[in-house]
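Please open the structure in your viewer and keep the selection tool at hand. The tour below says what to select at each stop and what is there.

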Amino acid sequence: MKSLLTFLTAILVSNLLNAQCLEAYYPFKGNAADSSGNGHDATVHGATMTTDRFGNPNSAYEFDGFDDFIDTKTSFDYQDRTVSVWCMVYDTASDRKVLDQDDIALNYGAFSVVFRGGHLYGNAGGHGGVLLQTAPNLNQWYHIVLVRNALSAMIYVNGNLVYTGTPTGSGSLTFPNPELVIGAWRNRQERFFSGKIDDVKVYSCELSSSAIESLFTGVEELIDIDLKLFPNPMKDFVIMEFNNAQGRTYTLTLADQWGRLVRTVDNIRGNQVRIDRNELANGIYFFQLQTTDQTAATGKIIIE
């Protein structure tokens, strides 16, 4: 019991600290406002609202690859830093910048994510672009996290650590821009992104690997229902259990990595629902549990 309490306390403390160092959060729910409370609202140039990875309308931004971008007008220059972003790219033949902050005047180095020449590259802290994944799938959601501290730079793709290196204070002399640009190169005039971008978060601290895993696979409760999933990952079925003391009626939707709706369960009136695998292939699926007027919880189910 003592070890369990210690473990739970550690999780609560970690979540509190992460919330305290959240500098900007762009959930893109109808606009590019900063939901962190720090006032770093961004300005949209051409990008249009679209469906997110859960299939929700007006909950992500789509970029046309020609002149669309989002300007945060804010520099996130921290020694300890974590940047998290969800993105879906439509083509990778030319440079497609997901995000970019790059200036020789930065104290703690540039950071960026780009699809280039059919591959995925990232820079977590002044060390230059490194290959993260060869031939990433088009039209599929990816979760990318850039982390740096005083000694290390790390990059995660879909919850997996794919790069560890040494950070520097390096940045560019060519078209320098100390402010974060989303969906284009730092000069805001080229290398425009083609695809969808969602849920951009910037922290002035280093998130732990478990916190990053939670960003990728964790459940987010928008109302307090104490939701549990077991087993997850699943093979044949998964049980979703939650507190429904209020007697609400829920609908559960399940979307694949391409944002396609693959399962809907209506009229859930109890506190438990079983999701059978049936014809679903191995992979990651995004669920949304909602009432008639609000979303209760979102998260991911992994089928192995």
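Select Thr92 and show what surrounds it: leaving aside neighbours within four places in sequence, Thr92 is in contact (heavy atoms within 4.5 Å) with Phe115, Arg116, Gly117, Gly118 and Leu138. Thr92 lies in the loop between E6 and E7; here helices (H or I, at least four residues) and strands (E, at least two) are DSSP runs, numbered from the N terminus. Is Thr92 buried or exposed? Thr92 is buried, because its relative accessible area is 11% and buried means under 20%, with exposed over 50% and partly exposed in between (1.4 Å probe, protein chains only).

Two notes on the model before moving on. This is a predicted model, in which local features need pLDDT of at least 70 and side-chain atom pairs count only at pLDDT 80 or more, while totals for chains, interfaces and linings use all residues. Residues are numbered from 1 along each chain as its sequence is written, and side-chain values use heavy atoms, with hydrogens and water left out.

**The second largest pocket**

Now select Lys97, Ser112, Arg116, Asn123 and Gly129, which are the closest to the centre of the second largest pocket among the 16 residues that line it. On a 1 Å grid over the protein atoms alone, a pocket is an open set of points where a 1.4 Å probe fits, with protein on both sides within 12 Å along at least five of seven lines; lining residues have an atom within 4 Å of a point. The space in this pocket is about 160 Å³, a volume being the space filled by probe spheres set on the points, which are joined across faces, edges and corners. Colour strand E7 (96–102), strand E8 (111–116) and strand E9 (119–123): each supplies at least two residues of the lining.

**The nonpolar cores**

Next, select Phe28, Val98, Leu99, Ile144, Leu146 and Ile197. In the largest nonpolar core, which has 36 residues, these touch the most other members. Such a core is a set of buried Ala, Val, Leu, Ile, Met, Phe, Trp, Tyr and Cys residues joined through side-chain atoms within 4.5 Å. Strand E6 (residues 81–89) gives the most to this core, with 4 residues. A second, separate core of 22 residues includes Ile223, Met240, Ile268 and Ala297. In soluble globular proteins, nonpolar side chains tend to be buried together.

Stay with Leu146 for a moment. Beyond four places in sequence, its contacts include Arg81, Val83, Phe111, Ser112, Asn123 and Met154.

Which strand holds Lys228? Lys228 is found in strand E17, and at 38% relative accessibility it counts as partly exposed. Strand E17 (residues 228–230) pairs with strand E18 (residues 237–241) in the antiparallel sense over 3 bridges; two strands pair if DSSP finds at least two bridges between them. E17 and E18 form a hairpin with 6 residues between them. In E18, the bridge partner of Lys228 is Glu241. Draw a distance from Lys228 to Phe242: their C-alpha atoms are separated by 6.3 Å, although the two are 14 residues apart along the chain.

On to strand E21 (residues 272–276), which runs antiparallel to E18 and is joined to it by 5 bridges. Met240 stands opposite Val273 in E21.

**An open sheet**

Finally, display the open sheet of 5 strands with the order E16-E23-E22-E19-E20 and antiparallel pairing. Its edge strands, E16 (220–221) and E20 (261–268), each pair on one side only. E16 pairs with strand E23 (residues 295–303) over 2 bridges, and Glu220 stands opposite Thr298 in E23.
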